[in-house]
Every structure is written in structure tokens, then in C-alpha cells.
Amino acid sequence: MISSIFGKTKPVNFVILFSFIFLLYPTTKVFVLNLDVNDVSPLKELIVLVVLLFSVFIMDFIVKRNKLTKNNSYAILFFTLFLMVFPATMGDSNAIFCNFFLLLAFRRILSIKSLKNIKLKIFDASLWILVGSLFYDWGILYLVLVLSAIFIYEPKNLRNWLVIISSTICFLLILIGFLSIFDQLDWLLEHYSFQLDIKNLFTFDLIPSVKIGFYIVLNVALIFWAFLKLGKAGVGRIIMIRLVVLSFVLGLLLNLLVLSGNSHALIITFFPTVILMTNYVQSIKREKFREILLIASILFPTAIFLGNLLIS
């Protein structure tokens, strides 16, 4: 039943998932994160929700345009389910915005494989990452992804490497000009402080830590499976998978560096995870087993989310 709905790309899949997220977001904010309704800015929350929904659309576009998976909607389904497993991510608007711009950057990075307009794509990807760093300063780490793509596809052209510098200069000029208008130049140094909260690295909260632990183990298993099983799928495909895996590693590193009571940036790692999960699920040849796995993947997050509702 699940595979018959999400096993194909249909407009109704977007309607189902968008409607669900539209209900999930305010429910999480009020009943799980215990947000005071009197402190809510309706316009701000609407903007964040729209960006979150548009992120799902961008994700689906990247998957289909680059053929990261087969023709199905499992990726956006799993993304929605991860929102249920880690509801705190919906309480961090910085993470949602940062994730959105990193997705735009990743779209351009993957398109470098065509070897057309490489410099423009490098410039765009670098610029989107720098914009994303406005929400998390450590988001600038994703420039490593751009450097990796250059190294893989066209490393001998020196101008490709210099494009990142020109993109950074362009970003800084625009940002400094904008901050100068409002006399807020100090914000630049305050934001890009790249501080590490050592105290929070050793803070242990049982339930979130166990969930994140299982999440990391799941990804490690999927990464091993991907390199073993997808290695025969062609050089072009395995290169994209390597970039996806690198994106996950950078996302974990970013989460470690920004770790604090107010930061829940795990959403940044959802995209590479759902790509790996989708490839695994669609590789299952036994339809009954695939259906059981899909049902379990829905029931398990639902149970966790309901548990959060009861505890809160």
C-alpha cells in the first residue's frame, strides 16, 4: 500500500506530505516544544514553515534531476518522517534556513558533473553556502564540498579554484554594504566568531542522545552498504554518492561545532540520509519485505512523536 503511493512520483504525494508538515509544524511548536503562543510571531513562523516546505520541493528536484534515486517519492517521505523523530529541529529556524541554502548549493554542486558552465556553478554554490553561514557560522565548512567537486571534476583549471575566492569577496562586499546601512558592522565579527562550546560537548541527555546514536549507526550502515552495492552502478553515480556521504559527514561536524541548548541543526544531515535510505529501500526486490519495512519506518517515527507529545 505504501509503496503503491510513494513508489511513484505523483502530485498527490506532495499534497499528502505538505499537508502533514503543515499540521506537524504548529503541533510540534505548541505541544512538544511548549512554545508560548503569546510570544509567537505569526509572520515569522509562516515564513519558516514556507521555507521548510519549499526545502522538500528543492530536495525532490535535486533527487530527480540528478537521478540520485529511482522514480519515486521515498526521499521526501523519509525527510518528513525524520522531522517526527527529531521534532526539536523544527524549533530551530536558523537550522531550517541554513539547510535550505545548503540544498540550493548542493543542487549546483551536483550539476558540475555535466562539465558545462563550471565556474558559474562553483560561484553559485559557494555563494549559497556563504548565505547559509549567516544562520550558522560553521556552515562555511560546506565549502569543502565545493572544493571536493572541483578536485573530482576539473582540478587542473586554476580559475575554478579562484572562483571560490571571488564568490567570497562578492559575498563580503554585499554583506558589509548592507550592515553599513544599519550601522551594524560589529555583527560581522560577532557572528563569525567560530566559537566551540566545550561544556555542551560533554552534556548527556539520555533520550536525544540515544536517538542520535541510532541515527548515526543507521547512516554508517547505509554508507557501507552504498559503497559495496552501488560501486557497480557507474563512475558518475558513485561520485555523486561520495559527495552525498561527504555532505553527511560535514553536517555531523557542523552539529558538533554548534552544539548548544538552542541549536538543533540535525536537519542539515537529513538530505544525505534520505538519499541513502531510498537507495536501500528501492534495492529490495521482495515487495512484501519492502512494504513491511516502509510500514515500520512510518510506525516507528509516529510512536516516537506520540511519545514526545505525552512526555511534554
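Which residue forms a salt bridge with Lys29, and how far apart are the closest N and O atoms? I began my notes with this question, after writing down what kind of model I had. The model is predicted, so I kept in mind that local features need pLDDT of at least 70 and side-chain atom pairs count only at pLDDT 80 or more, while totals for chains, interfaces and linings use all residues. Residues are numbered from 1 along each chain as its sequence is written, and side-chain values use heavy atoms, with hydrogens and water left out.

**Entry 1: salt bridges**

I looked up the partner of Lys29 and found Glu45, with the closest N and O atoms 3.4 Å apart; a salt bridge here is a side-chain nitrogen of Lys or Arg within 4 Å of a carboxyl oxygen of Asp or Glu. Lys29 belongs to helix 2 (residues 11–32) and Glu45 to helix 3, so the pair ties together parts that are 16 residues apart in sequence. For helices I used DSSP runs numbered from the N terminus (H or I, at least four residues; strands are E, at least two). Both Lys29 and Glu45 are buried, where buried means under 20% relative accessible area, exposed over 50%, and partly exposed in between (1.4 Å probe, protein chains only).

I noted that the structure holds three salt bridges. In one of them, Asp60 meets Lys64, and the closest N and O atoms are 2.4 Å apart. Asp60 and Lys64 are separated by about one helical turn, because they are four residues apart in helix 3. Asp60 is buried, at a relative accessible area of 10%, whereas Lys64, at 28%, is partly exposed.

Asp124 and Arg108 also meet through their side chains in a salt bridge, at 2.9 Å from N to O. This pair links distant parts of the chain, since Asp124 sits in helix 6 (residues 118–132) and Arg108 in helix 5 (residues 93–110), 16 residues apart. I read a relative accessible area of 21% for Asp124, which is therefore partly exposed, and 15% for Arg108, which therefore counts as buried.

**Entry 2: the length of helix 3**

I checked helix 3 (residues 42–65), whose 24 residues should span 34 Å at 1.5 Å a residue, and its end C-alpha atoms are 34 Å apart, which agrees. The expected span is 1.5 Å times one less than the number of residues. Just after helix 3, I found Lys67 with a positive phi of about 55 degrees.

**Entry 3: aromatic rings**

I counted rings of Phe, Tyr and Trp (its six-membered ring) as paired if their centres lie within 6.5 Å, with planes under 30 degrees apart stacked, over 60 edge-to-face and the rest tilted. By this rule there are 21 aromatic pairs. Phe178 and Phe182 have ring centres 5.1 Å apart and planes at 55 degrees, so this pair is tilted. Tyr192 and Phe194 form another tilted pair, 6.0 Å centre to centre with 45 degrees between the planes. I also found one aromatic cluster whose members include Phe14, Phe54, Phe101 and Trp128.

**Entry 4: a surface patch**

Which residues make the nonpolar surface patch of about 510 Å²? I found Leu158, Leu162, Ile165, Ile169 and Leu173. Ile165 lies in helix 8 (residues 158–181) and, at 48% relative accessibility, counts as partly exposed. Patch residues have over 30% relative accessible area and no salt bridge, with like charges joined within 9 Å and nonpolar side chains (Val, Leu, Ile, Met, Phe, Trp, Tyr) within 5 Å. Accessible areas come from the Shrake-Rupley method with a 1.4 Å probe, and for residues only the protein chains shown count as cover.
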